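Here is a short tour for a reader new to this structure. Start with the picture, then follow the headings.

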Amino acid sequence: MNTPANAAAQFQQQLDQVANEIESLLDRLLGPELLAGERARPARLMEAMRYASLGGGKRFRPFLVVESAALFKVPRERALLAGAALECIHCYSLVHDDLPAMDNDDLRRGRPTTHKAFDEATGILAGDGLLTLAFDIVARPETHPDPAIRSNLVLALARGSGIGGMVGGQILDLGAEGRFNGGKVQALGQSEIETLQGMKTGALLRFACTAGAILGGANATQRTALERYGAAVGEAFQIADDLLDVEGDAATVGKAIGKDAALNKGTLVTLLGITGAKERLAARVAEAEEALAPFGKDADILKAAAHFVAYRQA
Ligand code: GRG
């Protein structure tokens with residue numbers, strides 16, 4: 001019988017498997033071998049890019065790509081390449097987010113941030129290198145033999161990570177902290193917080209599910225269902241992250257906590273309170289499950305993933 005405990009164990013096993021596969025794939029993609037058009041792979045750049053992307057991280061975004069794509073029986077190696085590309089974007093965002101000009105963090109994934117382990121210029125370039133590599137990977141014929149599918153992936157990844165997605169969300173976040181008006185923190189309303197977080201964190205998680213749909217040639221109903229699931233999981237992820245910032249343990253979380261309160265940052269936790277935020281979190285998990293109805297039992301693992309995101313400790 002598929003009890004919740006079984007579903008959770010199966011989810012953890014499959015997440016670990018994707019994490020191992022992504023680790024080996026990134027190790028190969030960031031190896032010393034020169035590709036057509038490359039003149040050299042400078043050792044310091046490669047070392048910093050490897051530091052920023054290997055040996056850590058839950059690899060939850062690639063997991064979503066792999067499992068969304070599996071609904072359409074997409075060959076696993078293609079989904080893993082798209083997942084590795086997404087992980088490169090995610091790792092670049094973490095490296096840049098930790099820089100002194102942004103969040104100025106010393107600890108990430110339980111070890112020194114990239115700019116601390118190297119230096120600021122190398123951190124910036126390692127992030128730039130990972131961002132560019134992501135688009136290199138999705139544009140490769142190994143990711144999908146059909147150029148139209150690759151082009152759709154490039155477009156969706158750019159939209160998720162760029163102006164109207166993660167980068168845009170990051171500048172809204174810095175603005176809300178008062179960075180551009182002498183430190184005067186902006187009191188955000190609920191819809192402003194939802195927009196900011198939906199862009200900064202949600203857009204990449206949503207892309208992960210869209211990528212599975214694109215690779216699998218999903219019809220409009222299937223794609224909409226996966227995007228609705230991705231958006232709900234994205235919001236659940238962020239609420240859980242904000243709750244961890246209040247209730248979590250720094251050693252388990254692997255980074256400093258209590259930062260939102262220190263910065264007077266508007267989050268759904270500060271706006272709704274812990275109980276209200278937990279209620280909303282449960283509602284997002286329910287919505288994520290409901291969105292998967294068109295896929296029936298095939299989507300059980302994605303349902304377990306929504307639970308994991310919402311109730312994780314790190
Ligand atoms: C600098 C362009 C730019 C964007 C930064 C994503 C982001 C935008 C900043 C990260 C800061 C942060 C803590 C965001 C909240 C949610 C989040 C993305 C947490 C980290 O993701 P996990 O938990 O990390 O998936 P791992 O280490 O498991 O990969």
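## Contacts around Arg280

Two residues are in contact when heavy atoms lie within 4.5 Å. The model shown is predicted. Which residues does Arg280 touch, leaving aside its neighbours within four places in sequence? They are Gln190, Glu194, Glu235, Ile239, Leu268 and Leu272. Arg280 sits in helix α13, residues 268–291. Its relative accessibility is 16%. The cut-off for buried is under 20%, so Arg280 counts as buried.

Ile239 belongs to helix α10, residues 220–247. Its relative accessibility is 0%, so Ile239 is buried. Ile239 and Arg280 are 41 residues apart along the chain, and their C-alpha atoms are separated by 8.3 Å. Beyond its neighbours within four places in sequence, Ile239 is in contact with Leu268, Val269, Ala277, Arg280 and Leu281.

## The largest nonpolar core

The largest nonpolar core holds 87 residues. Which members touch the most others? They are Phe11, Phe60, Phe63, Leu64, Leu226 and Tyr229. Helix α4, residues 76–98, gives this core its largest share, 12 residues.

## Where α1 meets α3

Helix α1 spans residues 4–29, and helix α3 spans residues 60–70. Their axes come within 9 Å and cross at roughly 105 degrees. Angles of 65 to 115 degrees count as roughly perpendicular, and α1 and α3 are therefore roughly perpendicular to each other.

Which residues make the contact? From α1 come Phe11, Gln14, Leu15, Val18 and Ile22. From α3 come Phe60, Pro62, Phe63, Val66 and Glu67. By class, this contact has eight nonpolar residues, one polar and one charged.

Phe63 can be followed on its own. Leaving aside its neighbours within four places in sequence, Phe63 is in contact with Phe11, Gln14, Leu15, Val18, Ile301 and Ala305.

## Aromatic pairs

How many aromatic pairs are there? The count comes to six. One of them joins Phe11 and Phe63. Their ring centres are 5.0 Å apart, with 85 degrees between the planes. This pair is edge-to-face. Phe11 lies in helix α1 and Phe63 in helix α3, so the pair ties together parts that are 52 residues apart in sequence.

Tyr51 and Phe118 form another edge-to-face pair. Here the distance is 5.5 Å centre to centre, and the planes are 75 degrees apart. This pair links distant parts of the chain, 67 residues apart. Tyr51 is in helix α2, residues 43–53. Phe118 is in the loop between α5 (114–117) and α6 (120–138). Phe118 has a relative accessible area of 15%, so this residue is buried.

Ring pairs also build a cluster. Its members are Phe11, Phe60, Phe63 and Phe308.

## Ala211

Ala211 is found in helix α9, residues 190–215. Its relative accessibility is 0%, so Ala211 counts as buried. Leaving aside its neighbours within four places in sequence, Ala211 is in contact with Val65 and Leu153. Ala211 and Gly234 are 23 residues apart along the chain. Their C-alpha atoms are separated by 15 Å.

How values were computed: Residues are numbered from 1 along each chain as its sequence is written. This is a predicted model: local features need pLDDT of at least 70, side-chain atom pairs count only at pLDDT 80 or more; totals for chains, interfaces and linings use all residues. Side-chain values use heavy atoms; hydrogens and water are left out. A nonpolar core is a set of buried Ala, Val, Leu, Ile, Met, Phe, Trp, Tyr and Cys residues joined through side-chain atoms within 4.5 Å. Buried means under 20% relative accessible area, exposed over 50%, partly exposed in between (1.4 Å probe, protein chains only). Helices (H or I, at least four residues) and strands (E, at least two) are DSSP runs, numbered from the N terminus. Axes are lines fitted to C-alpha atoms, for helices over the stretch in contact, and angles run from 0 to 180 degrees between N-to-C directions. Angles under 35 degrees count as roughly parallel, over 145 as roughly antiparallel, 65 to 115 as roughly perpendicular and the rest as oblique. Ala, Val, Leu, Ile, Met, Phe, Trp, Tyr, Cys and Pro count as nonpolar, Asp, Glu, Lys and Arg as charged, and the others, Gly among them, as polar. Rings of Phe, Tyr and Trp (its six-membered ring) pair if their centres lie within 6.5 Å; planes under 30 degrees apart count as stacked, over 60 as edge-to-face and the rest as tilted.
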